Amino acid sequence: MTIESSIRSCLTLLIEKLDKDNLPKIDADPIQLIKDLMEENRLNSTDLANILQVNKSTVSRILNYQKGLSKQSIRNLSSHFCIAQEALNMPYKLKEMEKSA
């Protein structure tokens, strides 16, 4: 093992430990996380629609657990709020759509 690879390994371990010890744990499901971020940043559904590049109807369906997040939506949210995509790519249950008569 070269000195450079040893230093790289040590730095990697230190960074991983710092991240583990100092980054907040995200236990909320992705939709609750989005709602919390909207509240913290004083955003409404129109703002979120602009961030996601979708219409307000789609935002409503997402926030009401009727539509899952697309890969592009996850990328857009991650970039806008500077959060890891993994926080938004966690599983959550969708509600079944009510059938109209």
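Trainee: Which residues have the most contacts inside the largest nonpolar core?
Mentor: Those are Ile 31, Ile 34, Leu 48, Leu 63, Leu 69, Leu 77 and Leu 88, in a core of 20 residues. A nonpolar core here is a set of buried Ala, Val, Leu, Ile, Met, Phe, Trp, Tyr and Cys residues joined through side-chain atoms within 4.5 Å. Buried means under 20% relative accessible area, exposed is over 50%, and partly exposed is in between, using a 1.4 Å probe and protein chains only.

Trainee: And which helices each supply at least two residues of this core?
Mentor: H2 (30-40), H3 (45-52), H4 (56-63), H5 (71-81) and H6 (85-88) do. H2 gives the most, with five residues. Helices (H or I, at least four residues) and strands (E, at least two) are DSSP runs, numbered from the N terminus.

Trainee: Before I go on, what sort of model is this?
Mentor: It's a predicted one: local features need pLDDT of at least 70, side-chain atom pairs count only at pLDDT 80 or more, and totals for chains, interfaces and linings use all residues. Residues are numbered from 1 along each chain as its sequence is written, and side-chain values use heavy atoms, with hydrogens and water left out.

Trainee: Is Cys 82 buried or exposed?
Mentor: Cys 82 counts as exposed, at 71% relative accessibility. Cys 10 is partly exposed, at 47%.

Trainee: How many disulfides, then?
Mentor: The count is zero, taking a disulfide as a pair of cysteine sulfur atoms within 2.5 Å.

Trainee: New topic: how many aromatic pairs are there?
Mentor: One. Tyr 65 and Tyr 92 sit edge-to-face, 6.0 Å centre to centre with 75° between the planes. Rings of Phe, Tyr and Trp (its six-membered ring) pair if their centres lie within 6.5 Å; planes under 30 degrees apart are stacked, over 60 edge-to-face, and the rest tilted.

Trainee: Where do Tyr 65 and Tyr 92 lie?
Mentor: Tyr 65 is in the loop between H4 and H5 and Tyr 92 in the segment after H6, so the pair ties together parts 27 residues apart in sequence. Tyr 65 is buried, at 15% relative accessible area.

Trainee: Last one: how many helices and strands are in the protein?
Mentor: Six helices and zero strands.
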